[in-house]
Amino acid sequence: MRQGWYALILCCLIGVGSPFANAVSISREESQQWLQQPQLDEIVTNLYALAMSDDAQSLNSQLNTLSMPNQEIARFLLLKQLASKQVVLGLNMVTFVQAQTRHLPTYMIEETGDGYQTSIPAFNASIIATRLMQQRTQTQSNFNFILAAEDNNLQLQQWLQGSSAQVSQREALLISVIDSLSPQALSYLVEQIAGVKVVQWLPSSAVMAKMAQASQDPRMYHLLWRMKSNTDAEKEVQRLAKVGDTFSIQQLILATDNPALKSTAMRALVKIKPIPMTLEQFFVAQLNQVEDQDWMQELLVSAGHADWVQQLINSGLIPMTQTVSP
């Protein structure tokens with residue numbers, strides 16, 4: 001009997017101490033119906049306009065004048081819209097959103113299954129607010145990187161040091177914002193890698209490929225093609241093949257010097273039509289190398305260049321090593 005009373009008291013204490021103790025239980029269907037209320041569109045639009053003007057005080061006031069459940073739903077929908085549009089928050093809105101990370105839900109959805117019962121917030125404003133603050137941290141990191149690069153105040157090798165997680169995060173940041181840099185800032189970073197007499201350090205292949213693509217600097221491609229076989233270099237070969245301009249073709253030709261990239265680059269090159277003069281000369285040179293003759297003829301013929309290969313054979317520019325058929 002005493003144990004039963006202890007259990008009852010414990011349950012009461014747990015209920016009192018729970019942050020969700022005063023939350024109202026609703027069904028999932030009810031929550032969906034509430035979200036579809038037509039008046040919410042205008043309410044959220046007005047709140048969003050205040051957020052964009054960084055008027056958090058008026059926003060809070062308008063939010064607090066709303067009755068339940070509209071207040072809770074409007075809060076949720078506003079934060080959701082700010083997150084989906086990746087809005088850059090003003091200082092007042094940062095304070096507002098930070099406060100929402102501690103907001104306790106008013107409505108909970110209770111679901112019962114086979115031997116279990118769960119309760120989840122119906123309109124989880126706090127988790128969206130937390131996501132917004134994480135986005136702001138990322139945006140601030142992007143801004144700091146761009147500012148340092150533009151001011152020529154970023155030592156790339158030092159910046160890309162730390163734990164593996166930190167380095168991966170910074171590499172991803174660099175790759176995502178490098179297209180936003182001015183030509184001068186990009187050149188500043190490139191010179192730290194390609195402008196040294198003796199290369200003692202290189203960033204990852206993903207960073208090298210992106211920097212080469214953004215800068216169009218032959219020195220960066222030269223270093224990229226010399227790196228060990230990697231998917232980033234192969235993807236850049238395929239991208240250059242799609243571009244197909246004079247610079248891209250020249251880089252593809254140079255990529256063939258890397259044995260690991262040779263096949264990928266050659267297969268990309270033989271697909272270029274019509275064949276420009278510089279590429280014709282390169283193919284003729286390859287067709288005159290004993291180790292590549294048969295393979296190159298097969299590649300060119302399979303790519304639809306059988307007539308051209310036959311013309312080279314007939315003119316004596318390349319040896320006839322096999323029968324060429326269209």
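## Aromatic pairs

How many aromatic pairs does the rule for rings count here? The count comes to nine, where rings of Phe, Tyr and Trp (its six-membered ring) pair if their centres lie within 6.5 Å; planes under 30 degrees apart are stacked, over 60 edge-to-face, and the rest tilted. This is a predicted model, with local features needing pLDDT of at least 70, side-chain atom pairs counting only at pLDDT 80 or more, and totals for chains, interfaces and linings using all residues. Residues are numbered from 1 along each chain as its sequence is written, and side-chain values use heavy atoms, leaving out hydrogens and water.

W34 and Y107 make an edge-to-face pair, 5.1 Å centre to centre with 75° between the planes. W34 sits in helix α2 (residues 28-35) and Y107 in strand β2 (residues 107-112), 73 residues apart; helices (H or I, at least four residues) and strands (E, at least two) are DSSP runs, numbered from the N terminus.

W34 also pairs with F123, this time stacked, at 6.4 Å and 25°. F123 is in the loop between β3 (117-121) and α7 (125-150), so this pair ties together parts 89 residues apart in sequence. F123 is buried, at 1% relative accessible area (buried means under 20%, exposed over 50%, partly exposed in between, with a 1.4 Å probe and protein chains only). Together, W34, F76, Y107 and F123 form one aromatic cluster.

## The sheet

Now for the strands. An open sheet with mixed pairing runs in the order β1-β2-β3; two strands pair if DSSP finds at least two bridges between them. Five bridges join the antiparallel β2 and β3, and I109 stands opposite I120 in β3.
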